[in-house]
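Welcome! Let's take a friendly tour of a protein and its ligand. Have a look at the picture first, then read on.

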Amino acid sequence: MENSFTVAIVGGTGNLGGALALRLGAPGVKIIIGSRDAEKAKKAVETLKPSLRAGEIEGTTNQAAVKGADFVVIAVPYEGHAQMVTDLRGQLTGKIVIDTVVPLNKGKPFVPPAGSALQEAQQILAGEAPVVGALHTISAVDLGDVDAPLGDALVCGDNAEAKQKVMEIIQRIGARAFDGGPAGNAYVIEGLTGVIIYLNRKYKSKHSSIRITGIGD
Ligand SMILES: NC(=O)c1ccc[n+]([C@@H]2O[C@H](COP(=O)([O-])OP(=O)(O)OC[C@H]3O[C@@H](n4cnc5c(N)ncnc54)[C@H](OP(=O)(O)O)[C@@H]3O)[C@@H](O)[C@H]2O)c1
């Protein structure tokens with residue numbers, strides 16, 4: 001994959017988005033933080049800048065952010081997912097969508113009508129851009145501490161080439177990435193976040209994650 005590419009983070013003012021921006025910035029990736037409110041995005045960028053090791057960062061509306069991006073990370077709560085993907089439809093041709101969203105209700109996972117958040121995005125986009133599910137099991141706390149070790153990422157989706165590119169990005173930010181299978185596996189991978197939330201509560205952690213053993217050990 002080329003060295004120079006741009007990642008827009010839709011909902012980039014949130015916990016995951018900000019932490020991911022710091023990780024992506026470390027190897028020099030250009031980041032555009034998206035928000036429903038351009039001023040909020042700009043403020044988030046000013047907050048992130050002192051901790052950004054390298055890379056360029058800017059903040060704007062979600063709609064403007066995706067325009068200049070090669071990869072579009074969806075990092076909004078599930079409640080806003082379908083509407084956000086619908087709002088972005090028509091602007092995603094030639095880009096790869098990375099869907100991090102986990103269907104949660106009060107911290108508990110559920111399977112949405114489409115089968116998973118990823119499949120919901122796929123249905124809405126109807127082939128306009130490949131959708132790859134990723135980062136569900138990576139803790140935002142660990143992501144935001146750019147030297148901290150990261151758990152493993154299970155990446156899923158129906159487009160092998162897009163999935164490979166997303167796995168390369170994840171490796172670049174310091175995590176091991178595994179091909180977790182087709183979009184049909186997404187509900188399992190998304191649901192793991194519900195288990196991780198439970199583990200965090202039960203064991204009083206803020207950043208539990210998962211590790212795959214038996215492959216490449
Ligand atoms: N946090 C983690 O460790 C983690 C790990 C894996 C996956 N995830 C998934 O990543 C996604 C983002 O998580 P997060 O913790 O970053 O969430 P968050 O902080 O609650 O929200 C992220 C951003 O989404 C925007 N937003 C909030 N409600 C929205 C709505 N109804 N419609 C559109 N945009 C809305 C807000 O940005 P603006 O107000 O600026 O628009 C907010 O700053 C979630 O789906 C979560 O399940 C999180």
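In this predicted model, the ligand is surrounded by 20 residues. The closest of them are Thr13, Leu16, Ser35, Lys40 and Val76. The points below begin with the ligand and then step back to the whole chain.

**Polar contacts with the backbone**

- Which residue has a polar backbone atom 2.7 Å from an oxygen atom of the ligand? That residue is Val76, which is also listed among the closest residues.
- Ala140 takes part through its backbone too, with an N or O atom 3.1 Å from a ligand oxygen.
- For Val102, the distance from a polar backbone atom to an oxygen atom of the ligand is 3.4 Å.
- On its own, the ligand would expose 890 Å², and the protein buries 77% of that area.

**The pocket and its shell**

- If you search the model for its largest pocket, you will find that the ligand takes up this space.
- Two elements each give two or more residues to the shell around the ligand: helix 1, covering 15–25, and helix 4, covering 78–88.
- What classes of residue make up the shell around the ligand? There are 10 nonpolar, 8 polar and 2 charged residues.

**The whole chain**

- Stepping back, you can trace 8 helices and 10 strands in the protein chain.

Terms used: Residues numbered from 1 in each chain as written. Predicted model: local features only at pLDDT ≥ 70, side-chain atom pairs only at ≥ 80, totals over all residues. Heavy atoms only, no water. Near = heavy atom within 4 Å. Polar contact = N/O pair within 3.5 Å; in protein donor to acceptor, adjacent residues only side chain to side chain. Areas by Shrake-Rupley, 256 points an atom, 1.4 Å probe, with all protein chains shown as cover. 1 Å grid on protein atoms, 1.4 Å probe; cavity = no way out; pocket = protein on both sides within 12 Å on 5 of 7 lines; lining within 4 Å. Sits in = over half its atoms within 2 Å of the grid points. Helix = DSSP H or I, 4+ residues; strand = E, 2+ residues; numbered from the N terminus. Nonpolar A, V, L, I, M, F, W, Y, C, P; charged D, E, K, R; others polar.
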